[in-house]
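Here is a quick tour for anyone meeting this structure for the first time. Take a look at the picture, then read on.

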Number of protein chains: 2
Amino acid sequence: MTPDEFRALGHQLIEWVAAYRERLPTLPVLSPVQPGEVRRHFDPNPPEHGVPLASVLPQLDEAILPGITHWNHPRFFAYFPSNSMLPSVLADLVAAGLGAQGMSWQTRPAATELEEVAMEWLRQLVGLPPTFSGVIQDTASTATLVALLCARERTTGHGQVRGGLQDEAAPLTVYASEMAHSSIDKAALLAGFGRENLRLLPTDEAHALRPDALEEALRRDVAAGKRPCAIVATVGTTGTTALDPVPHIGELARAHGAWLHVDAALAGTAMACPELRWMWDGVDQADSVVWNPHKWLGIGFDCTAYHVRDPDHLVRVMSTDPSYLRTAQDGAVKNYRNWGIALGRRFRALKVWFVLSAMGVEGVRAEVRRHLALAQAFARKVDTTPGWERLAPVPLQTVAFRHRPPGLEGKAVDAHNLALAGAINASGRAYLTPAVVKGVQLLRVSVGATATTADDVAALWAQLVEEAAALPPG
Amino acid sequence: MTPDEFRALGHQLIEWVAAYRERLPTLPVLSPVQPGEVRRHFDPNPPEHGVPLASVLPQLDEAILPGITHWNHPRFFAYFPSNSMLPSVLADLVAAGLGAQGMSWQTRPAATELEEVAMEWLRQLVGLPPTFSGVIQDTASTATLVALLCARERTTGHGQVRGGLQDEAAPLTVYASEMAHSSIDKAALLAGFGRENLRLLPTDEAHALRPDALEEALRRDVAAGKRPCAIVATVGTTGTTALDPVPHIGELARAHGAWLHVDAALAGTAMACPELRWMWDGVDQADSVVWNPHKWLGIGFDCTAYHVRDPDHLVRVMSTDPSYLRTAQDGAVKNYRNWGIALGRRFRALKVWFVLSAMGVEGVRAEVRRHLALAQAFARKVDTTPGWERLAPVPLQTVAFRHRPPGLEGKAVDAHNLALAGAINASGRAYLTPAVVKGVQLLRVSVGATATTADDVAALWAQLVEEAAALPPG
């Protein structure tokens with residue numbers, strides 16, 4: 001493809017993306033395709049001969065678009081917000097156009113240094129102390145694995161450079177709440193701790209980790225000869241945005257010499273607002289903190305912010321420096337390849353720069369406050385309408401609730417709510433996520449798409465009431 | 001940013017990218033900036049208020065571009081090719097514009113199904129048997145970690161869901177050649193095996209793993225009560241593109257019940273050519289195979305192809321399925337989140353589709369053959385010019401060599417070649433990588449940028465001869 005062919009198709013695709021964003025409200029939020037329906041548009045064999053790219057572009061509308069669930073849709077209320085603001089899209093275009101590989105400072109100095117700037121901006125945005133240093137990871141799952149690996153190596157005195165985990169006499173234990181994200185479970189298993197050494201502890205009525213349960217588990221494990229290695233505190237759980245009590249957890253971590261990892265994947269963006277920072281009070285005691293600018297902040301997936309108190313430890317756990325990767329500047333610069341698992345690195349700092357430049361800190365705060373108010377408005381509807389029941393506090397932008405029509409009990413209520421979610425999602429007019437929390441089938445409305453307005457939230461509520469009434473009883 | 005503002009800036013940036021690619025030959029290949037020079041263009045504090053994005057775009061030329069090392073430059077001969085062809089850039093624009101998150105089939109069916117198609121295309125492209133199933137990973141480093149985790153769990157009978165690695169009585173051992181990539185070292189350490197259980201084995205004169213050394217190491221470890229867990233065979237090492245003997249290694253792996261992981265990160269693209277597939281004969285015995293379409297194939301970073309023989313095992317090691325991630329289609333579809341570490345997933349299959357559609361299989365083959373011929377031409381110059389010495393066979397596109405002027409010996413030769421690389425790289429006219437292989441300082445010329453022509457290779461050779469003569473003796 002020549003640069004001129006690129007120009008022609010590039011302009012066409014800029015128009016395509018702009019038009020896509022404009023017509024989002026007219027598209028079904030949840031893709032209506034059935035399994036296999038997208039795949040059958042494509043030849044199972046690779047093309048023997050190249051064709052002009054222009055000839056395949058119509059497939060974008062015919063095959064791809066019907067198979068997209070639209071995360072930037074104004075009525076996307078599922079999972080968590082994952083906004084890709086348009087400045088972020090432009091940054092990705094530039095990053096792809098530059099096509100440079102940032103495995104070392106030397107192989108792309110601008111990416112390393114802009115990432116230093118971006119991580120400093122993000123640190124200040126959420127009010128982390130200046131003692132923290134940051135790096136972009138792909139996802140919170142990966143960052144949490146990195147955190148548990150660092151915890152493992154701190155507890156074992158870098159056993160990885162000796163006999164590895166098998167050489168440790170006392171089993172290493174990891175703690176989190178039963179409401180913690182599945183990525184903690186996964187990270188603990190992948191890091192080799194073993195499920196038997198992972199404690200998923202009970203929570204209180206607000207679904208937050210009970211410090212007394214943590215304390216008791218630590219005491220019991222120490223008495224049994226185990227070594228507490230890492231504790232994960234979640235600020236804003238996936239199910240209900242519950243807030244684990246970080247200060248108390250931090251004290252226990254310090255008392256046991258355990259690593260404290262704070263998972264604020266969703267909530268991190270809200271920490272831009274000083275009036276909300278009480279939610280992670282005590283975060284300054286953390287060894288590592290993860291949150292996702294690719295969720296609510298509007299920086300396109302993927303962009304996870306991972307800040308640590310001891311970057312030297314991180315580098316020691318993650319680095320290998322063979323001769324072919326050494327460069328003359330190594331003493332004077334950061335080589336972010338030694339801050340994570342992957343060697344090669346994309347230029348993700350560009351989108352942090354573009355989005356924060358376009359929004360400013362005040363713009364981020366305004367957006368967070370707007371979404372919090374929308375969630376409160378929705379919660380009030382739930383609270384004040386007979387037959388509806390809220391199932392958790394709403395400190396952030398997620399409302400956990402269910403419909404409980406008179407006469408239904410037990411499993412029938414669960415089935416009714418699952419059917420209700422199914423009806424909403426199949427309608428294409430909105431998309432929300434059902435979840436089971438402590439055995440109860442609930443509905444989650446997660447407000448946070450950039451395009452979502454008060455009208456969209458009101459329309460969702462009206463549709464819920466209507467669909468709930470239309471469902472067959474029992 | 002409104003869609004119309006996006007249109008205006010988007011068209012401007014399409015022009016910017018096109019113009020950047022056009023003027024690549026006029027730019028210094030290696031960025032000439034000093035540490036800190038990019039960073040000082042940016043405010044260390046995030047902007048309090050948003051500004052029109054148009055007002056920051058001039059920084060792309062003023063601050064960013066001077067800090068870019070140009071991997072798509074016609075005289076980029078460093079590390080390995082990492083081409084971002086223009087169709088790939090367009091695919092990334094579309095992926096960012098769609099801004100959809102592929103953690104489950106349901107959250108973006110098109111991404112999952114196009115990835116199935118893309119991985120099938122890539123499998124056929126390189127001639128892997130149809131018994132292999134594939135998934136896109138970010139990098140070979142991550143894929144290799146996944147492979148060693150899967151090996152660990154196979155050997156321990158899924159110890160992760162019990163007491164973890166610490167519960168295993170016999171130490172688990174991992175094998176690779178001393179020329180294997182540093183990511184294998186890193187993966188073995190992160191997976192918890194410990195450096196004492198990693199065997200980096202001697203190689204022959206062509207820098208390929210010696211099967212007798214592997215056999216002896218396995219025998220010794222078994223006799224000492226250890227359990228051979230994984231063997232990594234490299235097809236195309238980083239230093240010299242040496243080819244480990246896969247069939248023999250595969251036999252030994254089978255005999256010991258060890259996992260066979262084939263690392264063809266660079267060489268994978270060349271396997272598009274049937275006449276080159278002898279290089280990884282025996283790959284059908286592998287448990288996992290990794291190669292990087294984001295290297296030589298022209299698909300922009302990141303896009304690693306990871307194919308496995310037993311996807312059920314991969315899913316069992318990698319999956320956690322909490323209620324909030326379950327969907328109605330789970331039995332009928334692939335959920336690629338369970339094929340790797342990260343939960344969220346970008347839409348990388350788009351760029352595989354665009355690039356392979358534009359090139360066709362024949363186009364890929366033609367490009368590989370063109371680069372191989374250029375490398376051979378360069379190797380002939382080295383071989384036929386007095387004072388120059390080739391240090392490894394050239395099965396692919398990398399020439400390892402050095403200048404050995406009369407009268408220089410030992411460390412002085414090393415210093416001379418390091419200075420020569422420094423002179424070339426500082427000139428901005430070409431970029432190559434020095435490396436130390438078996439204690440010898442060598443120069444690596446890695447041919448493979450899309451824009452590289454015979455003239456570029458000839459110019460590099462002329463410059464090497466000229467700079468070598470100009471260096472002060474000793």
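## What covers helix α1 of chain B

Let's start with one helix. The buried residues of α1(B) have a cover that includes α1 (3-23) and α3 (86-98) of chain A, along with α3 (86-98) of chain B. Keep in mind that this is a predicted model.

Which residues of α1(B) are buried? They are F6(B), L9(B), G10(B), L13(B), I14(B), V17(B), A18(B), Y20(B) and R21(B).

## Checking the length of the helix

Helix α1 of chain B runs over residues 3-23, and at 1.5 Å a residue its 21 residues should span 30 Å. The C-alpha atoms at its ends are 30 Å apart, so the two figures agree.

## Where the two chains meet

Chain A and chain B each put 129 residues into the contact. On the side of chain B that touches chain A, at least two residues come from each of α1, α2 (58-64), α3, α4 (109-126), α5 (140-155), α6 (182-190), α10 (349-384) and β11 (431-437). The largest share of that side, 14 residues, belongs to α1(B).

What is the side of chain B that touches chain A made of, by class? It has 64 nonpolar, 43 polar and 22 charged residues.

## How the copies are related

Terms used:
Residues numbered from 1 in each chain as written. Chains lettered and ligands numbered in written order. Predicted model: local features only at pLDDT ≥ 70, side-chain atom pairs only at ≥ 80, totals over all residues. Helix = DSSP H or I, 4+ residues; strand = E, 2+ residues; numbered from the N terminus. Expected span 1.5 Å × (residues − 1). Buried ≥ 20, exposed ≤ 12 C-beta atoms within 10 Å, placed from the backbone. Contact = placed C-beta atoms within 7 Å. Nonpolar A, V, L, I, M, F, W, Y, C, P; charged D, E, K, R; others polar.
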